[in-house]
Amino acid sequence: MQLEQIKQLDAQYYMNVFGERFPVCFVDGEGNSLIDTQGKKYLDFLAGIAVNCQGYSDEGFKAALKNCIDHVIHTSNYFYIETQAQLAEKICQMAHMDRVFFANSGAEAMEGAIKLARKYAYEKGNDQSEIICFHNSFHGRTLATLTATGQEKFHKGFGPLVKTFYYADYNDLESVKKLITPHTSAILLEPIIGEGGVIPATPEFLQGLEALCHEQDILLIIDEIQTGMGRSGEFLAYMNYGVQPDITVMAKALGGGVPIGAFLATEKVASAFQPADHGSTFGGNPLATTAGLYMLNWLTPQRLQQVRQLGEYFMRRLKELQAGHPAILDVRGMGLMIAAQLDGSVSCKGVLQALLAQGIVIGTAGGNCLRFLPPYTITTDEIDDLMAHLHQVLANFQ
Ligand SMILES: *Cc1c(COP(=O)(O)O)cnc(C)c1O
């Protein structure tokens, strides 16, 4: 199909929540590049929003999925599922958690984590469970997760919201302490704010939160939906900080592109769920858990090290670029989750569009940031390529 036809169908039939999309439809992939309907190649620094961390030429991944499709892709949770059981063991071991539940998306897994925190509080005699989250966060689009998202623009028009979520300031421990009441059941945060502008937690803040939670018998819930699966250079970003939450939530890269989410908890917390407290038709089905199992085996310690090294290289190159471009106010991130914050003189969307025209895909984030989330298979040559184009595009904007 031609792009114009696709655009027309989308404009006529799809709910208008994405507005005018970027005028490209990718139909194929190769290495770390995507290929559009015209056969034009694009170097990918977005990876489907931190999803396709293995790039597009992983033949083992394709073979594993094809093998599953040749047998059975779905059976329901009335029955045992081999790959679900195997993935459950592997993910719990890697995350140092005791139990897991598989959902179909980030928001849905986060919703389950919130239910678990509430049920745990209820079992302890607190049926007014309050959750402290943060301004500028992002946790999803369901009613509870959009309430947990501390950004007004996501709330407007969807009231009444879910009750008893409160917002503290990120990287400000005192602002959290002020919100604690006898009903506080959990503190929920991203270890690196993603959509809100790629802002890593300071070690004092995250370690301080962990201590505070222990002291006050409050659950620590860490949203690793974007930062997890090695994106930060560790399996889960909180591992860079030496903290251990009570509940953590994953999705995005977990299935390498097949939709799957997960929330994990310690035995103490997970035991609050009893039969029939939670469930899912699709969650953890053979197709999704085949993908997840492949991806967890793919994510070896060597690959994590590669993410750390490539991240350092990327950051160094971006800082060199910053030295020649005063419009870049700040460069920050961890592993291969990196942002360049621009001043008001340059539009991020404009830079994104200019790069897209030149065959490079990047993302943006809140606070006027360019956001880079490449596959972990990206090469230093490909990073150099991006920097050369970025240099030229930024020069044209000045
Ligand atoms: C993407 C994201 C979500 C929502 O995940 P969906 O799969 O889009 O529902 C939640 N939290 C964070 C930190 C995310 O980056």
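This is a predicted model: local features need pLDDT of at least 70, side-chain atom pairs count only at pLDDT 80 or more; totals for chains, interfaces and linings use all residues.
Residue numbers start from 1 along each chain as its sequence is written. Local features need pLDDT of at least 70 and side-chain atom pairs pLDDT 80 or more, while totals for chains, interfaces and linings use all residues; side-chain values use heavy atoms, without hydrogens and water.

**Whole chain.** Show the protein as a cartoon. There are 14 helices and 17 strands (DSSP runs numbered from the N terminus: H or I of at least four residues for helices, E of at least two for strands). The C-alpha atoms fill a box of roughly 60 × 55 × 45 Å along the principal axes. The radius of gyration is 21 Å, which agrees with the value near 21 Å for a compact globule of 398 residues (taken over C-alpha atoms; the globule rule is 2.2 Å times the number of residues to the power 0.38).

Now draw distances for polar contacts, pairs of N or O atoms within 3.5 Å. A polar side-chain atom of K252 is 2.7 Å from a ligand oxygen. The side chain of D223 has an N or O atom 2.8 Å from a ligand nitrogen, and a backbone N or O atom of F138 lies 3.3 Å from a nitrogen of the ligand.

**Backbone geometry.** Go to P160, in the loop between α7 (152-155) and β6 (165-168). The peptide bond from G159 to P160 is cis, with omega near -5°. Then select A50 in helix α2 (residues 47-50); its phi is positive, near 60°. Most residues other than glycine have a negative phi, and most peptide bonds are trans.

**Second largest pocket.** Finally, select Q84, R99, V100, F101 and F102, which lie nearest the centre of this pocket among its 29 lining residues. A pocket is an open set of points on a 1 Å grid over the protein atoms alone where a 1.4 Å probe fits, with protein on both sides within 12 Å along at least five of seven lines; lining residues have an atom within 4 Å of a point. The lining divides into 18 nonpolar, 8 polar and 3 charged residues.

Methods
Ala, Val, Leu, Ile, Met, Phe, Trp, Tyr, Cys and Pro count as nonpolar, Asp, Glu, Lys and Arg as charged, and the others, Gly among them, as polar. A polar contact is a pair of N or O atoms within 3.5 Å; within protein, one must be able to donate a hydrogen and the other to accept it, and residues adjacent in sequence count only if both atoms are side-chain atoms.
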